[in-house]
Amino acid sequence: MHIKYGRPEPVFAHKLDAIFKRKDCLIEVNPGCVLLPPKYQDIGERILNLEVRPDDVWLVSFPRTGSTWTQEMVWCICNDLDYERAQQPGIFRTPLIELTAVLGNEEGDWKEALGNSVDLVEAMPRGQPRFIKTHLPLELLPKQLATVKPKIVYVARNPKDMCVSYYHYCKLVHNLDGSFEDFCELFLANKAPYGPIWDHILGFWKLHNESDNVMFVKFEDMKKDFVGDLGPIQGFKIETQFYPDKKLKKYD
């Protein structure tokens, strides 16, 4: 399978360029009808062909669904509650593999300090688990996920709440200049950044019903009963993959 790149339909391309104040701000990436900055063309095939390791842990979600909360929870569980190491920036402990593309339209030399996000993932040392975060749909993730079957934790959130959060995030981080109505219209048409949310969710919902290496977590469940929701995650046995001879510390 090869990735194909194109432009969104003109009516949507015009609206996106207007609210993000940048011409040709997003391209359409297929399979998946995913909308991402043009910089994705530099790393898309590399991600698709990435070597997957058996002890990888992948944290997958659509944006603004509680992914950072989940990544920190999972990282701490798998690292024996090492709060000292947890003070290191999460961007290096659990890198977003497509970050180089996500920041592709942003200005400033500060991006150089982050390096190439795919390089960062590939350079993570062997002999210890890699924690990798992504907002990409299943179709654009490494092909070896299907054969190597590392642990995958997918987190979902009610799209109504997620859309509101996503709008404010885009205003704050990506200089979106438009009304919520403008953004919501694009979101409902599957033309907001990252594209169709239901295809994203259902792809992993189906996978989690077919594979025992995929765990499906809901933002609302964690918010309602965070401590209780740790039980299923422990039951997923992520931590025993790395600490087979230790009992996990009690969460207080």
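**Exercise 1.** Determine how the lining of the largest pocket in this predicted model divides by class.

*Solution.* Step 1: sorted by class, the lining of the largest pocket comprises 17 nonpolar, eleven polar and six charged residues. Step 2: this pocket has a volume of about 710 Å³. Step 3: its lining consists of 34 residues, and those closest to the pocket centre are Val102, Leu103, Tyr169, Val173 and His174.

**Exercise 2.** Identify the element that gives the most to the lining of the largest pocket.

*Solution.* Step 1: the elements that contribute two or more residues to this lining are H3, helix H4 (90-93), helix H5 (99-102) and helix H8 (159-173). Step 2: the most is given by H8, with four residues.

**Exercise 3.** Describe the largest cavity and its lining.

*Solution.* Step 1: one cavity of 30 Å³ or more is found when the whole structure is searched. Step 2: the largest cavity holds about 30 Å³ of space. Step 3: its lining is formed by Leu59, Val60, Ser67, Thr70, Gln71, Val153, Tyr154 and Val155. Step 4: strand S4 (57-61), helix H3 (67-78) and strand S6 (151-156) are the elements that each supply two or more residues to this lining. Step 5: by class, the cavity lining has five nonpolar and three polar residues, with no charged residues.

**Exercise 4.** State which residues make the nonpolar surface patch of about 350 Å², and locate Trp198 among the elements.

*Solution.* Step 1: Trp198, Leu202 and Trp205 make this patch. Step 2: Trp198 lies in helix H10, which spans residues 197-210.

Key
Residues numbered from 1 in each chain as written. Predicted model: local features only at pLDDT ≥ 70, side-chain atom pairs only at ≥ 80, totals over all residues. Heavy atoms only, no water. 1 Å grid on protein atoms, 1.4 Å probe; cavity = no way out; pocket = protein on both sides within 12 Å on 5 of 7 lines; lining within 4 Å. Points joined across faces, edges and corners; volume = space filled by probe spheres on them. Nonpolar A, V, L, I, M, F, W, Y, C, P; charged D, E, K, R; others polar. Patch = residues over 30% accessible without salt bridge, like charges linked within 9 Å, V, L, I, M, F, W, Y side chains within 5 Å. Areas by Shrake-Rupley, 256 points an atom, 1.4 Å probe, with all protein chains shown as cover. Salt bridge = Lys/Arg side-chain N within 4 Å of Asp/Glu carboxyl O.
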